[in-house]
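Keep the sequence beside the picture as you read.

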Amino acid sequence: INQMVKSRYSRNTIVGCKGIISKSLKYAKRMRWVARNEALEVELPSWNASRRLRKKTRAPLSREQIREIFDRFPEGSACYTPLLFGYRAGTRLGETFAFCWNDIDFENNRIDVNKQVQWYPERKQWRMVPPKYDSRREIDMDRETMACLRRERQKQREARLRRGKAYVKHYVDAEGYINTEGIGRELRLVMVREDGTYIQTRIMQHYSSIIHSEMGNKAF
C-alpha cells in the first residue's frame, strides 16, 4: 500500500486493494492457514498523502480503431448501445447505464443526462443517484445514433409484448433503489436484454478485456 501511494494510485484503488487483501486473510484465518489477519492493523494514508494521482495518458482512438470495435460488437450485441453512447455522446459509464427511454428526446434528437447508477454492495442493489459533480446536461445527438435508438426501442417494445408476464420489469423506489419486485414506479431502462433483464455496467469490463487482449487495442 505504501508503494501504491508512492506510485500515486488513486485512493479508491488503494482502498479496493486493501479490501481484497483483508478479505483474503480473513478467509485464510477461518481456514486456519494463518494465525491472524494482519491487514486489520494496516492504516490507510491520509487523503492529502494519496490524492496526488498518477497522470493518465490518454490516446485518442482512430476512426479505423472505432470501426473495428463496432464491427466486433455490432448492433444487437449487449454492449453496442453503451459503446454508442460513450462514443457519440461521451457519457460516463454510470450515466450510460442509467438511461431510461423518457430521457431520450426523439423529436428534438437530444438526450437528457440527469442521473447515474451506483452499486450498493450492502443492499446488493443498483441505485439511481445524481450524476457525478452534479453534471446534469442535455446533449444534441446525430440522426444516425437516434435511428439506432429508435430501432432498439422498437425491439424492446416487441419483446415486451411477445413475452408478456415473463418479461422482466424494473422499478425504482422512493430512495432510488432499482428492484424487480414492483416497489415504486416502473423504469423503462434502455440497457436491457431480450427478456428485459438489466444489462449491468460490469459487462463493459468483459468487453474491454476482449478489446485489449483479442483485438490488441491497448488504448481502449
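The paragraphs below go through the salt bridges and then turn to one pair of helices.

This is a predicted model, in which local features need pLDDT of at least 70 and side-chain atom pairs count only at pLDDT 80 or more, while totals for chains, interfaces and linings use all residues. Residues are numbered from 1 along each chain as its sequence is written, and side-chain values use heavy atoms, with hydrogens and water left out.

Side chains of opposite charge can pair when their charged atoms come close. Here a salt bridge means a side-chain nitrogen of Lys or Arg within 4 Å of a carboxyl oxygen of Asp or Glu, and by this rule the count comes to 19 salt bridges. One of them joins the side chains of E64 and R67, at 2.4 Å from N to O. Both residues belong to helix α4 (residues 63–72), where they are three residues apart and therefore separated by about one helical turn; helices (H or I, at least four residues) and strands (E, at least two) are DSSP runs, numbered from the N terminus. E64 is partly exposed, with a relative accessible area of 40%, and R67 is partly exposed at 42%, where buried means under 20%, exposed over 50% and partly exposed in between (1.4 Å probe, protein chains only).

Other salt bridges reach across the sequence. R151 and E75 meet at 2.8 Å, N to O, and this pair links distant parts of the chain, 76 residues apart, with R151 in helix α7 (residues 143–163) and E75 in the loop between α4 and α5 (80–89). E175 forms a salt bridge with R123, their closest N and O atoms being 3.3 Å apart. Because E175 lies in the loop between β6 (170–172) and β7 (178–179), and R123 in the loop between β3 (116–120) and β4 (125–129), the pair ties together parts that are 52 residues apart in sequence. Salt bridges can also form a network, as they do among R36, E38 and E41.

Two packed helices are described by the angle between their axes and the distance between the axes. How do α5 and α7 pack? Their angle is about 155 degrees, and their axes are 11 Å apart, where axes are lines fitted to C-alpha atoms, for helices over the stretch in contact, and angles run from 0 to 180 degrees between N-to-C directions. The two helices are therefore roughly antiparallel to each other, a label for angles over 145 degrees. In their contact (heavy atoms within 4.5 Å), α5 contributes Y80, T81, L84, F85 and R88, while α7 contributes E144, T145, C148, L149 and E152.

Methods: Angles under 35 degrees count as roughly parallel, over 145 as roughly antiparallel, 65 to 115 as roughly perpendicular and the rest as oblique.
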